[in-house]
Amino acid sequence: MKFFASLAALVLMAFPVKSEARPLVGDLMAEKLYYAEGRQHPGHPLHGSHEGLWAGSDH
């Protein structure tokens, strides 16, 4: 059993998997910044957009 666990660890180190998942904390911070800037109001020029809220945002 240890052999297979070691083999799996070596394979994962040799071939890292890129994840598309973003941390939940980042999503919560982006949402807070969205409301802090007033983007929830339909009259805001960037209403509905999370673009440029913070450096870690992919929206």
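A contact is here taken to mean heavy atoms within 4.5 Å. On this basis R39 touches Y34, H44, L46, H47, G48, S49, H50, E51 and L53, residues up to four places away in sequence not being counted. The structure in which these contacts occur is a predicted model, and R39 is placed in the segment after α2, the helix of residues 24-36.

The secondary structure of the chain consists of 2 helices and 0 strands. Buried residues make up 14% of the 59 residues in the chain, and the accessible surface comes to about 5100 Å², of which 68% belongs to carbon and sulfur atoms. Among the contacts in the chain with a separation of 6 or more, 19% are accounted for by residues 24 or more positions apart.

Helix α1 comprises residues 2-14 and includes F3. At 1.5 Å a residue, its 13 residues should span 18 Å, and this agrees with the end C-alpha atoms of α1, which are 18 Å apart. The helix is hardly covered, since the count of buried residues among its 13 residues is 0, buried being under 20% relative accessible area. F3 itself has a relative accessible area of 58% and is therefore classed as exposed, the cut-off for that class being over 50%. Together with F4, L7, V11 and F15, F3 makes a nonpolar surface patch of about 570 Å². As a general point on the spacing of such positions, an α-helix has 3.6 residues a turn, so residues three or four places apart point the same way.

The setting of R39 contrasts with that of F3 in accessibility: R39 is buried, with a relative accessible area of 3%, whereas F3 is exposed. The structure holds 1 salt bridge, which R39 forms with E37, the closest N and O atoms being 2.9 Å apart.

A search of the whole structure finds 1 aromatic pair. The pair is formed by Y34 and Y35, whose ring centres lie 5.5 Å apart and whose planes meet at 75°, so the arrangement is edge-to-face, planes over 60 degrees apart being assigned to that class. The two tyrosines fall into separate accessibility classes: Y34 counts as buried at 8% relative accessibility, while Y35, at 45%, counts as partly exposed.

Note on methods
Residues are numbered from 1 along each chain as its sequence is written. This is a predicted model: local features need pLDDT of at least 70, side-chain atom pairs count only at pLDDT 80 or more; totals for chains, interfaces and linings use all residues. Side-chain values use heavy atoms; hydrogens and water are left out. Patches are made of residues with over 30% relative accessible area and no salt bridge: like charges are joined within 9 Å, nonpolar side chains (Val, Leu, Ile, Met, Phe, Trp, Tyr) within 5 Å. Accessible areas come from the Shrake-Rupley method with a 1.4 Å probe; for residues, only the protein chains shown count as cover. A salt bridge is a side-chain nitrogen of Lys or Arg within 4 Å of a carboxyl oxygen of Asp or Glu. Helices (H or I, at least four residues) and strands (E, at least two) are DSSP runs, numbered from the N terminus. Buried means under 20% relative accessible area, exposed over 50%, partly exposed in between (1.4 Å probe, protein chains only). The expected span of a helix is 1.5 Å times one less than its number of residues. Rings of Phe, Tyr and Trp (its six-membered ring) pair if their centres lie within 6.5 Å; planes under 30 degrees apart count as stacked, over 60 as edge-to-face and the rest as tilted.
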